[in-house]
Amino acid sequence: MRPDGIVSNVPVVGRYSTDQVSVGFRTGIDWTRCAEAYIMQKDVRPASKATYAKALHAFLAWAEENSVALNIVGKVDILRYKEDLHKQELSANTQNLYIVAVRGFYAWLSEVGLYGDVAKGVKTARHSKKYRKLHLTEDQSVRLLDVAENEGIRNYALVNLMLRTGLRTVEVSRANVGHVEVIDSRRVLRVWGKGKDSPDDFVILSDEAYEPLKRYLDTRTGVRASDPLFAGEGRGSSGHRLTTRMIQLIVKRELRAIGLDSHSYSAHSLRRTCGVQILKNGGTMFDVQTVLRHLSPATSQIYVDGVKDEMRMQSAPEFLLNKSFKSKSNVTTGA
């Protein structure tokens with residue numbers, strides 16, 4: 001292997017043959033077809049494959065626009081790409097998706113002997129504190145529920161459920177009426193999470209979470225277990241499953257109605273609010289991890305930071321100094 005990571009004189013494997021693709025930088029590699037082959041072999045859902053394809057094509061387009069020769073690309077070029085993603089002011093999650101796709105691509109190229117793993121060790125973006133603080137206060141949550149209730153029982157049941165269970169938009173969209181069950185005398189909602197092919201977890205529905213949902217379902221006639229838990233109400237969409245996009249738009253409209261119109265607030269803010277409120281009401285980080293179904297405790301730590309930031313603003317210790325310094329400032333000194 002050359003110092004810059006290029007593999008040369010290695011036979012091509014997989015769907016390619018030596019008369020289709022040349023190894024090394026003599027005649028180059030058909031990068032678009034390589035990207036397609038990489039996506040094809042990934043064992044993920046079709047929607048995830050489409051996301052990876054979009055991310056990889058963005059990288060290939062970036063290379064072309066910036067005159068980066070892919071047949072001699074090195075780690076420095078990957079780092080430059082990462083820097084350009086950051087300059088675009090994309091969210092940390094979006095930046096990480098693009099970087100992970102590129103890392104996986106070059107790891108695969110190395111595995112099949114087409115190119116060196118030049119993206120190995122490139123780190124993903126860190127979430128800024130601004131990103132961590134995207135949750136609603138108790139007062140904002142109450143006002144959001146009031147606005148949603150004025151919009152109708154469906155929107156109220158939807159927002160209320162997301163605030164009290166921390167469900168993701170994709171989980172709300174996938175939920176069916178029949179996913180509401182009773183286990184050991186507890187009413188639960190089976191959760192079909194992202195990256196899964198069927199419900200594999202649950203959240204407990206308190207009376208406060210369930211009653212608005214029941215009132216909403218009572219307004220729909222002939223509802224079957226296989227019907228979506230939340231359905232469209234407009235012309236042409238009545239009875240159809242709410243998509244994640246529709247759910248995001250509904251919540252965003254309600255957030256704007258209470259004055260939260262910045263990019264900092266979205267449907268995901270309701271999930272963050274759920275985690276923060278669990279901690280503020282005496283719950284532990286393990287409780288947050290359980291309710292929000294985080295695979296790693298490190299993810300739940302974000303919510304701890306959110307509580308610290310809010311409490312820091314509400315009970316700033318700097319104000320404790322006012323009494324002491326005020327008394328001293330009133331002392332008159334002579335010449």
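**View 1. The largest nonpolar core of the predicted model.** In this predicted model, the largest nonpolar core comprises 38 residues. Those with the most contacts inside this core are L144, M162, L189, L229 and F230. Two or more residues each are supplied by α6 (138-151), α7 (153-165), β2 (186-191), α9 (207-218) and α10 (244-257). The greatest contribution comes from α7, with 7 residues.

**View 2. The surroundings of M162.** Leaving aside residues up to four places away in sequence, M162 touches L167, T169, V172, I247, V251, A267, L270 and C274. Apart from the core described in View 1 lies another, of 35 residues. Among the members of this other core are A63, L70, W108 and Y115. In soluble globular proteins, nonpolar side chains tend to be buried together.

View 3. Helix α2 covers residues 46-65. The buried residues of α2 are Y52, A53, A55, L56, F59, L60, W62 and A63. An α-helix has 3.6 residues a turn, so residues three or four places apart point the same way. The buried residues of α2 pack against α1 (31-41), α3 (75-87) and α4. After α2 comes S67, which has a positive phi, near 55°.

**View 4. The aromatic pair of F59 and Y106.** The model contains 11 aromatic pairs. One of them joins F59 and Y106 in an edge-to-face arrangement, with 6.2 Å from centre to centre and 85° between the planes. This pair links distant parts of the chain, since F59 belongs to helix α2 and Y106 to helix α4 (residues 92-111), 47 residues apart.

**View 5. The aromatic cluster around the pair.** F59 and Y106 belong to one aromatic cluster, which also includes W31, Y38, W62, Y81, F105, W108 and Y115.

**View 6. Charged side chains over aromatic rings.** Elsewhere, K42 lies over the face of Y52, at 4.5 Å from the ring centre. Y52 is also one of the buried residues of α2.

Conventions:
Residues numbered from 1 in each chain as written. Predicted model: local features only at pLDDT ≥ 70, side-chain atom pairs only at ≥ 80, totals over all residues. Heavy atoms only, no water. Core = buried A, V, L, I, M, F, W, Y, C linked by side-chain atoms within 4.5 Å. Buried < 20%, exposed > 50% of the residue type's maximum accessible area, 1.4 Å probe, protein only. Helix = DSSP H or I, 4+ residues; strand = E, 2+ residues; numbered from the N terminus. Contact = heavy atoms within 4.5 Å. Phe/Tyr/Trp six-rings, centres within 6.5 Å; stacked < 30°, edge-to-face > 60°. Lys NZ or Arg CZ within 6 Å of the ring centre and 35° of its normal.
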